[in-house]
Amino acid sequence: MNVACKSFLVLTFSALLWSNCSAQKVNNKNEMYMLAGTYTAKGSKGIYVYKVNTETGKSHYVSEIAVEDPSYLVFSKNGKYVYTVTEKEDQQNSKVNAFSFDKKTGKLSFINSKPAGGGAPCHINVSPDGKRIITANYMGGSITEYAVNNDGSLGDTTQNIEFSGNGADKERQTQPHLHFVTFTPDAKYLFADDLGTDKIYKYQLDTKGNRLLSEGTPSAVKVKEGSGPRHLTFHPNGKYAYLITEISGDVIAFNYKDGNLSEFQTVKADTLNARGSADIHISPNGRFLYASNRLKGDGIAIFSINPQNGNLTKAGYQPTGIHPRNFVITPNGKLLLVANRDSDQIQVFKIDSKTGLLKNTNQNIKLSMPVCLKFAK
């Protein structure tokens, strides 16, 4: 073999090697850690960590950690810690848990736990300054505030707010059922959704005092009797908020300004009256809204959002596995992943950037009773 030929082969091999390495780097950039919280009644250990390619939807298992019924979880502001509930109906066995998260290995390490301030804590969030944790306690009819220490561990309970009252539905609204807590885009208020009394409670944030929350004015927004407020999400522009109601299956749209919500539209997400609507999210570009429905016709209702006024228009409906409780959209807006509790799978859908409609990639993740999905920061 002459020198010219050898040189050509070496250059060709080097080019291929460089090309493969470059492709690998691109793929690594597209991969993100995703955490899945589960119910542990059927053999699940607790929290599972996966690597997901946010372009293709392919995934692989990374790690897991044992914790009982982590039905909802949230990352700290810096992404170094993860906080979960342990959802038990009785207050005695309900907990809030703190873990550290290694961004290099994708492994979780237990830090500490604290007793929940009420039965069945079903949602958890981090304050805008990262120094407090708030839980919504479904059976306890309360919200609980915890301090966060510098090492990410949970400190003392700094506030426990109990609610009273009931709603029009004599089976499901006999008492307050706090289901969700979220902070406003301006980082000045907290809203707490009460499925049991058809109210969204408002609290002002005080980052200087020992307690984060003080009652807002007005103290609550009342929605339609018997609707059952569940989850609330804000549009990326901060001007609109959208509520999914579990019992009536509506999406209620609000204008948001200076801590105040003013309703301007109601559309139906659950057209079968299954009384099991669950979660709600907006695509990162603000063009589409998605709402999950359970018990009948399990699936995701899809709406387009008018950028001028926030109005919703029904765009379609995507059937899913059984009992789609929680779902998540990748930060690049290309995929939507659904936790189907009763079919023991996480489904991966591609989002059509023009229509918002979903296409099943058939790249399911098999997992016992998944109920909460979060991408690492």
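Colleague: What should I know about the model before we start?

Modeller: It is predicted, so local features need pLDDT of at least 70, side-chain atom pairs count only at pLDDT 80 or more, and totals for chains, interfaces and linings use all residues. Residues are numbered from 1 along each chain as its sequence is written, and side-chain values use heavy atoms, with hydrogens and water left out.

Colleague: Why is Arg132 called buried?

Modeller: Buried means under 20% relative accessible area, exposed means over 50%, and partly exposed lies in between, with a 1.4 Å probe and protein chains only. Arg132 has 12% relative accessibility, so Arg132 counts as buried. Arg132 is found in strand E9, residues 132-137. A strand here is a DSSP run of E, at least two residues, numbered from the N terminus.

Colleague: What makes E9 largely enclosed by the rest of the structure?

Modeller: Six of the six residues of E9 are buried, so the strand is largely enclosed. Both directions are covered: Arg132, Ile134 and Ala136 point one way, Ile133, Thr135 and Asn137 the other, and all are buried. In a regular strand, side chains alternate between the two faces of the sheet.

Colleague: How do you know that E9 pairs with E8 and E10?

Modeller: Two strands pair if DSSP finds at least two bridges between them. Five bridges join E8 (residues 121-126) to E9. Six join E9 to E10 (residues 142-148). Both counts meet the cut-off, so both are pairs. Each pair runs antiparallel. Pro121 stands opposite Asn137, and Ala136 has Ile143 as its bridge partner in E10.

Colleague: Why are E20 and E23 called edge strands?

Modeller: Four strands form an open antiparallel sheet in the order E20-E21-E22-E23. E20 (277-282) and E23 (312-319) each have a single partner strand, so one side of each is left without a neighbour in the sheet. Inside it, E21 (residues 288-293) and E22 (residues 299-305) pair over six bridges. Leu289 has Phe303 as its bridge partner.

Colleague: How do you know that there are zero disulfides?

Modeller: A disulfide is a pair of cysteine sulfur atoms within 2.5 Å. The closest cysteine sulfur to that of Cys122 is in Cys372, 11 Å away, too far for a bond. The search of the whole structure finds zero disulfides. Both cysteines are buried: Cys122 has a relative accessible area of 4%, and Cys372 has 0% relative accessibility.

Colleague: What makes a space a cavity, and how many are found?

Modeller: On a 1 Å grid over the protein atoms alone, a cavity is a set of points where a 1.4 Å probe fits but cannot get out; lining residues have an atom within 4 Å of a point. One cavity of 30 Å³ or more is found. The largest cavity has a volume of about 50 Å³. Its lining includes Cys122, His179, Arg230 and Asp279. Strands E16 (229-234) and E24 (324-329) each supply at least two lining residues.

Conventions:
On a 1 Å grid over the protein atoms alone, a cavity is a set of points where a 1.4 Å probe fits but cannot get out, and a pocket is an open set with protein on both sides within 12 Å along at least five of seven lines; lining residues have an atom within 4 Å of a point. Grid points are joined across faces, edges and corners, and a volume is the space filled by probe spheres set on the points.
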